[in-house]
Amino acid sequence: MTIWNLGSINADMIYDVPHLPCAGETLSANRLDRFLGGKGANMSVAGARAGARVAHIGAIGPDGRWARDRLTEYGVDTRWIAEVSDPTGHAIIAVDAEGENNIILFQGANHAITSDQLGQALSSADQGDLIVTQNETNLQVEAAKMGREMGLTVCYAAAPFQADAVRAVLPYLDFLILNEVEAEQLRQATGQGLSELGIEHVIVTLGSKGARYHHKGTTSDFLAHKVQAVDTTGAGDTFTGYVLAGMDRGMPMEQAILQANRAAALMVTRHGTADVIPDLKEVREARFD
């Protein structure tokens, strides 16, 4: 089957700085690294590297052709990535010697996706395919509604958390994934616990503690592997992409989560985002203490 990902595409510009700049300060960076990023791109790459067929629906500016080319290189179907006049989305990230950071995020082309583009892409979808969205693009509700009407499995990663955006898609969801903080934010926004939302599959990621799976009134905990983390950026997206790939390939959810835990554990031992997401062979062969 296919995972259809209405997802963001960003250039992550990471500046190594001696300290985080203060207001009005001009600061020289020691190094600049550019990575392919955005929650959507990260999930697409993770899903493809986990062995799924992933079609990405998104947008770039004229300055972002390299990002589309890199997604293609990583095995993602990029036919439904439009080139628009808006600049490609990007993040300016300053990181100091202690690993503290600050981030400026520019949405750019990620909010220039059109309804026609979405409809044309999903016209190629088959019943039983998955569609996933996040909170870094427009058209999330339209995609969820369309997916439900077409008999797709509708999935949603509730990040970055925005209460109104999450509430708007909840009625259409088959699968929801969010972290522990976002789960509490959702409870406060809706007045409902996760088991009261009426969503068949809910996963709460717990960082170094692992993940918790809620399904039809039952809860299962999955411990994370113990590793020496150097960079947690993109770990949650890697986990999500691997879980979606497992679902797409018909794996029991418990097995999909176990495999996703292994992928996320490898991811946090690496610096970078989409470019360093591990492939399925690496995940299967990894050894953890």
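Author: The buried residues of helix α3 are covered by, among others, β1, β4 (53-60), β5, β8 and α4. Keep in mind that this is a predicted model.

Reader: Ok. Which residues of α3 are buried?

Author: In α3, the buried ones are Q117, L118, A121 and L122. They sit on the same side of α3, because the arc they cover around the axis is only 120°.

Reader: Why can residues that are apart in the sequence point the same way?

Author: An α-helix has 3.6 residues a turn, so residues three or four places apart point the same way.

Reader: And what does the face turned away from the buried side of α3 carry?

Author: That face carries D116 and Q120, which are exposed.

Reader: You listed α4 as part of the cover. Which residues of α4 are buried?

Author: Helix α4 spans residues 140-150, and its buried residues are Q140, A143, A144 and G147. These cover an arc of only 100° around the axis, so they too lie on the same side of their helix, α4.

Reader: What covers those?

Author: The cover over the buried residues of α4 includes β1 (2-6), α3 (115-122), β8 (130-133), β9 (153-157) and α5 (163-169).

Reader: Then what are the angle and the distance for α3 and α4?

Author: They pack at about 25°, and their axes are 11 Å apart. An angle under 35 degrees counts as roughly parallel, so α3 is roughly parallel to α4. The crossing of α3 with α4 is right-handed.

Reader: Which residues make the contact?

Author: From α3 they are L118, G119 and L122, and from α4 they are E142, A143, M146 and M150. By class, the contact of α3 with α4 has 5 nonpolar residues, 1 polar and 1 charged.

Reader: New topic. At what angle do α7 and α8 cross?

Author: Helix α7 (residues 235-248) and helix α8 (residues 253-267) cross at roughly 150°, and their axes come within 8 Å. Over 145 degrees counts as roughly antiparallel, so α7 is roughly antiparallel to α8. The crossing of α7 and α8 is right-handed.

Reader: Which residues are in that contact?

Author: The α7 side has A235, T238, F239, Y242, V243, G246 and M247. The α8 side has M253, A256, I257, Q259, A260, N261, A263, A264 and M267.

Reader: How many charged residues are there in the contact of α7 with α8?

Author: There are no charged residues in it; the contact has 12 nonpolar and 4 polar ones.

Reader: Let's do strands. Where is T78, and is it buried or exposed?

Author: T78 is in strand β5, residues 77-83. Its relative accessible area is 14%, and the cut-off for buried is under 20%, so T78 is buried.

Reader: What does T78 touch?

Author: Leaving out residues up to four places away in sequence, T78 touches R68, L71 and T72.

Reader: And S220?

Author: S220 lies in strand β13, residues 218-222. Its relative accessibility is 25%, so S220 counts as partly exposed. Apart from neighbours within four places in sequence, S220 is in contact with A211, R212 and Y213.

Reader: Where is phi positive?

Author: One place is L139, at about 70°, although L139 is not a glycine. L139 lies in the loop between β8 and α4, and counts as buried at 11% relative accessibility. Another is K216, also not a glycine, with phi near 50°. K216 is in the loop between β12 (211-215) and β13, and at 65% relative accessibility K216 counts as exposed. There is also G151, which follows α4 and has a positive phi near 80°.

Definitions and conventions. Residues are numbered from 1 along each chain as its sequence is written. This is a predicted model: local features need pLDDT of at least 70, side-chain atom pairs count only at pLDDT 80 or more; totals for chains, interfaces and linings use all residues. Side-chain values use heavy atoms; hydrogens and water are left out. Buried means under 20% relative accessible area, exposed over 50%, partly exposed in between (1.4 Å probe, protein chains only). Helices (H or I, at least four residues) and strands (E, at least two) are DSSP runs, numbered from the N terminus. The arc is that of the directions from the helix axis to the C-beta atoms. Contact means heavy atoms within 4.5 Å. Axes are lines fitted to C-alpha atoms, for helices over the stretch in contact, and angles run from 0 to 180 degrees between N-to-C directions. Angles under 35 degrees count as roughly parallel, over 145 as roughly antiparallel, 65 to 115 as roughly perpendicular and the rest as oblique. A crossing is left-handed if the near helix is turned anticlockwise from the far one by less than a right angle, and right-handed if clockwise. Ala, Val, Leu, Ile, Met, Phe, Trp, Tyr, Cys and Pro count as nonpolar, Asp, Glu, Lys and Arg as charged, and the others, Gly among them, as polar.
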